[in-house]
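Try each task before you read its solution.

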Amino acid sequence: MAGKEKSGKGKIILLAVIAVLLLLIAAGGAWWFLLRSTAAPSKAQLQEQRAQRTKFIDLGELVTNLQSTDGGTHYIQVKVELKTYDADLDKKIQTYLPEIRNQVLQLLAAQQAEKVSDPAVRTQLLDKIKADVNQILETDGGALSGPVNRKNSPIVAAYFSSFVVQ
């Protein structure tokens, strides 16, 4: 009879351990589904994250002659800033900086002195600078046949922080 009591207590202990394990598993599952954050980040949170990753890269001061129809000599002096969300892009920009500066200088030198002060022309210049820099970066300075990633371009915008025409 002592053997039957011992086996009965063993079954009760085994059932108690199984019950406790099941409760722990159920509690863990409830925590997982009820307390974890499943909501997508809000627009404000996304903007804050993007603002924290924003970086401006200075291309330096650029000076070149402009095309002129009045026979005079005209110059343009600009300072260009590039906006990116990639913190590591600065190293790649520095690698291709001579090519990037050359491309921007050629673009500026092709402008008419009489038209370059027009805000619409300035906007077009910034868009073209952004596209040209992205082209250089995405093709590794022209080593690749075409842009690898057209959807997420490394440069988001270009800005003139200084713009002087003489």
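**Exercise 1. How are α4 and α5 oriented relative to each other?**

Solution. This is a predicted model, so keep that in mind throughout.
- Start with the geometry: the axes of α4 (residues 97-109) and α5 (residues 119-138) come within 10 Å and cross at roughly 150 degrees.
- Next, bring in the cut-off: an angle over 145 degrees counts as roughly antiparallel.
- The two helices, α4 and α5, are therefore roughly antiparallel to each other.
- For the handedness, α4 passes α5 in a right-handed crossing.

**Exercise 2. Which residues of α4 and α5 meet, and how do they divide into nonpolar, polar and charged?**

Solution. 
- On the α4 side, look for E99, I100, Q103, V104, L107 and L108.
- On the α5 side, their partners are L125, K128, I129, D132, V133, I136 and L137.
- Sorted by type, the residues of this contact come out as nine nonpolar, one polar and three charged.

**Exercise 3. Is D132 buried or exposed, and which residues does D132 contact?**

Solution. 
- Now check the accessibility against the cut-off, since buried means under 20% relative accessible area.
- D132 has 12% relative accessibility, so D132 counts as buried.
- Skip the neighbours within four places in sequence, and D132 is in contact with Q103 and L107.
- Both Q103 and L107 belong to the α4 side of the helix pair from Exercise 2.

**Exercise 4. What kind of aromatic pair do F56 and Y159 make, and which parts does the pair tie together?**

Solution. 
- The count comes to two aromatic pairs when ring centres must lie within 6.5 Å.
- For F56 and Y159, the ring centres are 6.0 Å apart and the planes stand at 55 degrees, so this pair is tilted.
- F56 sits in strand β1 (residues 55-66) and Y159 in strand β3 (residues 157-165), so the pair links parts that are 103 residues apart in sequence.
- As for accessibility, F56 is partly exposed at 46%, and Y159 is partly exposed too, at 37%.

**Exercise 5. Where is E81, and which residues does E81 contact?**

Solution. 
- E81 is in strand β2 (residues 74-84).
- With a relative accessible area of 17%, E81 is buried.
- Leave out neighbours within four places in sequence, and the contacts of E81 are F56, I57, D58, A157, A158, Y159 and S161.
- Both rings of the tilted pair, F56 and Y159, therefore belong to residues that E81 touches.
- One more distance to check: E81 and G60 are 21 residues apart in sequence, with their C-alpha atoms 7.9 Å apart in space.

**Exercise 6. Which residues does T64 touch, and is T64 buried or exposed?**

Solution. 
- T64 has its place in strand β1.
- Its relative accessible area is 15%, so T64 is buried.
- Not counting residues up to four places away in sequence, T64 touches H74, Y75, I76, L105, L108 and A109.
- Among them, L108 also takes part in the contact of α4 with α5.

**Exercise 7. Where is Q112, and which residues does Q112 contact?**

Solution. 
- Find Q112 in the loop between α4 and α5.
- At 27% relative accessibility, Q112 counts as partly exposed.
- Setting aside neighbours within four places in sequence, Q112 is in contact with Q67, S68 and T69.
- The C-alpha atoms of Q112 and N65 are separated by 9.7 Å, although the two residues are 47 residues apart along the chain.

**Exercise 8. How many helices and strands does the protein chain have, and what is their order?**

Solution. 
- Count the elements: there are five helices and three strands.
- Read from the N terminus, the order is α-α-β-β-α-α-α-β.
- For burial, 27% of the 166 residues count as buried.
- Finally, take the contacts with a separation of 6 or more: residues 24 or more positions apart account for 70% of them.

Methods. Residues numbered from 1 in each chain as written. Predicted model: local features only at pLDDT ≥ 70, side-chain atom pairs only at ≥ 80, totals over all residues. Heavy atoms only, no water. Axes fitted to C-alpha atoms, helices over the stretch in contact; angles between N-to-C directions. Helix = DSSP H or I, 4+ residues; strand = E, 2+ residues; numbered from the N terminus. Parallel < 35°, antiparallel > 145°, perpendicular 65-115°, else oblique. Left-handed = near helix turned anticlockwise from the far one by under 90°. Contact = heavy atoms within 4.5 Å. Nonpolar A, V, L, I, M, F, W, Y, C, P; charged D, E, K, R; others polar. Buried < 20%, exposed > 50% of the residue type's maximum accessible area, 1.4 Å probe, protein only. Phe/Tyr/Trp six-rings, centres within 6.5 Å; stacked < 30°, edge-to-face > 60°.
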